[in-house]
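I opened this notebook to record what I looked up in one structure. The entries run from the whole chain to single residues.

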Amino acid sequence: MSASGSVLVAGASAAGPATVEALRRGGHQGRVTVLGAGHDHPYDRPPLSKQILSGAWQPERSRMRDDVEIAGLAAEFMLGDTAVGLDVATRTVETASGRRPGSDTIVVATGLEPRMFPGQADLQGVHVLRTGR
């Protein structure tokens with residue numbers, strides 16, 4: 001990868017911005033786009049099930065990077081649009097909304113989905129901390 005080529009990072013949770021930070025530390029000066037299904041910048045998930053749901057913390061306290069740090073990444077964030085396909089030949093990622101952003105290099109950092117147990121959706125007081133399909 002050249003220091004000036006474009007990079008598309010599919011995944012905007014912990015791994016996506018960490019990838020951008022590593023690229024920038026390594027001297028990458030090209031365009032970087034981060035595609036994420038969520039509508040918010042990365043946040044730390046363990047406090048969701050402890051401090052935030054109990055009311056001990058305000059939700060913004062769980063953010064992994066503040067606005068200044070996000071701006072310092074010098075990346076375009078395309079949030080709220082899930083990656084649903086990858087076309088290696090054309091170097092594009094298909095999104096749920098039908099967009100097809102492309103790049104010289106694509107990094108897949110999409111993370112995980114929760115495993116749901118039968119009957120879990122109906123349990124009072126049980127919260128899913130990651131989205132599922």
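The entries below follow the order in which I consulted the model.

**Entry 1. The chain as a whole.** I noted at the outset that this is a predicted model. I then listed the elements and found two helices and six strands in the chain. Read from the N terminus on, they run β-α-β-α-β-β-β-β. I looked up burial next: of the 133 residues in the chain, 29% are buried. For the surface I recorded an accessible area of about 8400 Å², with 52% of that belonging to carbon and sulfur atoms. I also looked at contacts with a sequence separation of 6 or more, and 56% of them are between residues 24 or more positions apart.

**Entry 2. Helix 1.** Which residues of helix 1 are buried? In this helix, which spans residues 15–25, I found Gly 16, Pro 17, Val 20 and Leu 23. Viewed down the helix axis, these buried residues fall within an arc of 115 degrees, so they line one face of helix 1. I then asked what covers the buried residues of helix 1. The cover includes strand 1 (7–10), strand 2 (32–36) and strand 3.

Entry 3. I went on to His 28, which is in the loop between helix 1 and strand 2. Is His 28 buried or exposed? Its relative accessibility is 6%, which is under the 20% cut-off, so His 28 counts as buried. I also recorded that a polar atom of the His 28 side chain lies 2.9 Å from the backbone oxygen of Gly 5.

**Entry 4. Asp 81.** I located Asp 81 in the loop between strand 3 (76–79) and strand 4 (83–87). At 4% relative accessibility, Asp 81 counts as buried. With which side chains does the side chain of Asp 81 make polar contacts? I found one of 2.6 Å to Ser 97, one of 3.0 Å to Arg 99 and one of 2.9 Å to Thr 95. Leaving aside residues up to four places away in sequence, I listed what Asp 81 touches; among them are Leu 35, Gly 36, Ala 37 and Ala 96.

**Entry 5. Thr 95.** I followed the contact with Asp 81 to Thr 95, which is in strand 5 (residues 92–95). Thr 95 has a relative accessible area of 1% and is therefore buried. Not counting residues up to four places away in sequence, it touches Leu 35, Asp 81, Thr 82, Ala 83, Val 84 and Pro 101. How many residues apart in sequence are Thr 95 and Leu 35? They are 60 residues apart in sequence, while their C-alpha atoms are 8.9 Å apart in space.

Methods
Residues numbered from 1 in each chain as written. Predicted model: local features only at pLDDT ≥ 70, side-chain atom pairs only at ≥ 80, totals over all residues. Heavy atoms only, no water. Helix = DSSP H or I, 4+ residues; strand = E, 2+ residues; numbered from the N terminus. Buried < 20%, exposed > 50% of the residue type's maximum accessible area, 1.4 Å probe, protein only. Contact = heavy atoms within 4.5 Å. Polar contact = N/O pair within 3.5 Å; in protein donor to acceptor, adjacent residues only side chain to side chain. Arc of directions from axis to C-beta. Areas by Shrake-Rupley, 256 points an atom, 1.4 Å probe, with all protein chains shown as cover.
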